Amino acid sequence: MIDHQLVIDAVVHPYDLSAPNCVPEYKVQLDAVYAAHRMSFDEAHRTHMLTHEEFFSDFSYEAMACAEFVESPVDFAIIHALPCLGFVKGYLTDPARAGAFQRRYPKRFMMYATVDTPDLKAAVRQLKQQVDEFGPAGLKVYPAFFYDGLGQGWRLDSEDFALPLLQEAERMGIRHVAIHKALWLPPAPRDVFEIGDLDTPMGRFPNLSFEMVHAGVAFVDETIELMRRHPNLYLTLETLFAYVLVKPDLFGRVIASFIQHCGNDRMLFATGNNLAHPDPLLKAFANYRLPDELMQKHGFKQLTAQDRANILGLNAARLHRLDPAQLLAGIGDDEFARARGSAVPPPWSLLRG
């Protein structure tokens, strides 16, 4: 908790960027991912930046959990399994490992499954296996598949893959679908990171919630229009939340725009840990105030305590039907709470000893 407010990190995903899993020919893409990590912190928080050796590793789930719950005041987190993104040979975040870790700490994590193939039947089999083994709360998808050195883009409104996959996911009991948008990562085609393909599936599957991951990084006006039309759209603010440190005026303008036009009840705090460390982002947000000139220019109102509480955790709790009091009672004396209670360690303490 921070200022007595529940904190839920809506996206964590320890990367496997170890040498055996990396594709050396995609050094440009690998360097871009590391640059995105480094750009999540300002000069005052250089100790939160992972070294090249620390980042390009099979990142420890234990170190991720320590960063969330011991080094930071996060109460609960959602692990997103990630498929192959071209610059790795296998999963970037393996669903089997994510599911096993969630089972180990069920009061601290839930897990989203993923699929790693454009073959519909094979994708359904992958999802069914994960549902049977781990009972994931949701499905995380990436709008491209990578094989043979190519990035094949796909749309969430495609009749031959995405819509049938969503139908099967709903039949399996999946209720939440998160899709990476707004943040382009080559060699996938750029247009599949646009958001025009969300309209049809959100209308066709009103009982599913859809999370636009990296919302606010681009397409802000289009996102607002989608939010107005679809009450089942949520904005997962991974990457945008790092702007509170490195681009505070832009952060404020985007957050305030969403609140002004769509309310404060469908935005989700997220870090993408190990892409970013939660602690400096949470501290900066707790103290963040919209600049007067920004409010005067755009007619924004100052962020309220309710805005902060909803974004930090209450929205995610409602989305996933978690009772905040029950959640907090269940973790009040677990190993993470006891470790944090004695003394808050420095960032990435399990990696750095």
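1. Partly exposed here denotes a relative accessible area between the buried limit, under 20%, and the exposed limit, over 50%. The model under review is predicted. Asp31, at 32% relative accessibility, therefore counts as partly exposed.

2. Asp31 takes part in a salt bridge with Lys27, and the closest N and O atoms are 2.7 Å apart. Both residues belong to helix H1 (residues 27–38). Their spacing of four residues is about one turn of the helix.

3. A search of the whole structure gives 14 salt bridges. Another of them pairs Glu62 with Arg104, with 2.8 Å between the closest N and O atoms. This pair links distant parts of the chain, as Glu62 sits in helix H3 (residues 61–69) and Arg104 in helix H4 (residues 95–104), 42 residues apart.

4. On accessibility, Glu62 has a relative accessible area of 33%, so Glu62 is partly exposed. Arg104 has a relative accessible area of 47% and is therefore partly exposed as well.

5. A further salt bridge joins Arg108 to Asp334, the closest N and O atoms being 2.7 Å apart. Arg108 is in the loop between H4 and strand E3 (109–114), while Asp334 is in the loop between helix H14 (324–331) and helix H15 (335–342), so the pair ties together parts that are 226 residues apart in sequence.

Note on methods:
Residues numbered from 1 in each chain as written. Predicted model: local features only at pLDDT ≥ 70, side-chain atom pairs only at ≥ 80, totals over all residues. Heavy atoms only, no water. Salt bridge = Lys/Arg side-chain N within 4 Å of Asp/Glu carboxyl O. Helix = DSSP H or I, 4+ residues; strand = E, 2+ residues; numbered from the N terminus. Buried < 20%, exposed > 50% of the residue type's maximum accessible area, 1.4 Å probe, protein only.
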